[in-house]
Amino acid sequence: MGCAPGVFIDRGPLDITQSLAQIMGNVAVKEFLLPAEKILYEPQAKDTVGEAFFIKKNIFSKFKFTEVYLVTSDWHMDRAREIFEFIYGTSVNISYHEVAG
């Protein structure tokens with residue numbers, strides 16, 4: 001099994017000193033031993049549509065990624081899949097991974 005070249009984490013700021021993305025990034029580094037320099041953040045997104053749009057605009061266009069691994073809760077997957085397929089079309093390969101939520 002191969003490794004992804006990086007991990008992207010997003011979500012806007014909470015009413016605390018760190019954004020949810022930063023908190024999730026810290027967990028990824030501490031608990032899953034991902035290198036901090038491999039984590040990319042997209043702070044502009046405020047919802048799923050924004051996530052798909054800004055990831056494509058600001059991350060994919062810069063790094064020329066060809067794959068998306070979309071991980072979201074089982075109850076959110078249908079909506080997320082529809083949005084990401086609309087935004088990305090056939091420009092990238094999208095793998096969908098649900099977690100119980």
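## The nonpolar core

The largest nonpolar core of this chain has 16 residues, and those with the most contacts inside it are F60, V68, L70, F84, Y88 and I94. A nonpolar core here is a set of buried Ala, Val, Leu, Ile, Met, Phe, Trp, Tyr and Cys residues joined through side-chain atoms within 4.5 Å. Buried means under 20% relative accessible area, exposed means over 50%, and partly exposed lies in between (1.4 Å probe, protein chains only). Two or more residues of this core come from each of α2 (48-63), β3 (67-73), α3 and β4. Helix α3 gives the most, with 6 residues.

Before going further, a word on what you are looking at. This is a predicted model, in which local features need pLDDT of at least 70, side-chain atom pairs count only at pLDDT 80 or more, and totals for chains, interfaces and linings use all residues. Residues are numbered from 1 along each chain as its sequence is written, and side-chain values use heavy atoms, with hydrogens and water left out.

## The overall layout

Let us step back to the whole chain. It has 3 helices and 4 strands, which follow the pattern β-α-β-α-β-α-β along the sequence. Helices (H or I, at least four residues) and strands (E, at least two) are DSSP runs, numbered from the N terminus. Of the 101 residues, 34% count as buried.

Helix α3 (residues 77-88) supplies the largest share of the patch, 3 residues, while E98 sits in strand β4 (residues 93-99).

## Two loop residues with positive phi

Most residues other than glycine have a negative phi. L33, though not a glycine, has a positive phi of about 60°. You will find L33 in the loop between α1 and β2 (39-42), and its relative accessible area of 69% makes it exposed.

K64 is not a glycine either, and has a positive phi of about 60°. K64 belongs to the loop between α2 and β3 and is exposed, with a relative accessible area of 63%.

In helix α1 (residues 20-32) you can pick out L20, which is partly exposed at 29% relative accessible area.

E51 is part of helix α2 and counts as buried because its relative accessible area is 9%. E51 and F84 are 33 residues apart along the chain, and their C-alpha atoms are separated by 8.9 Å. F86, in helix α3, counts as exposed at 70% relative accessibility. From F86 to F53 the C-alpha distance is 9.9 Å, and the two are 33 residues apart in sequence.
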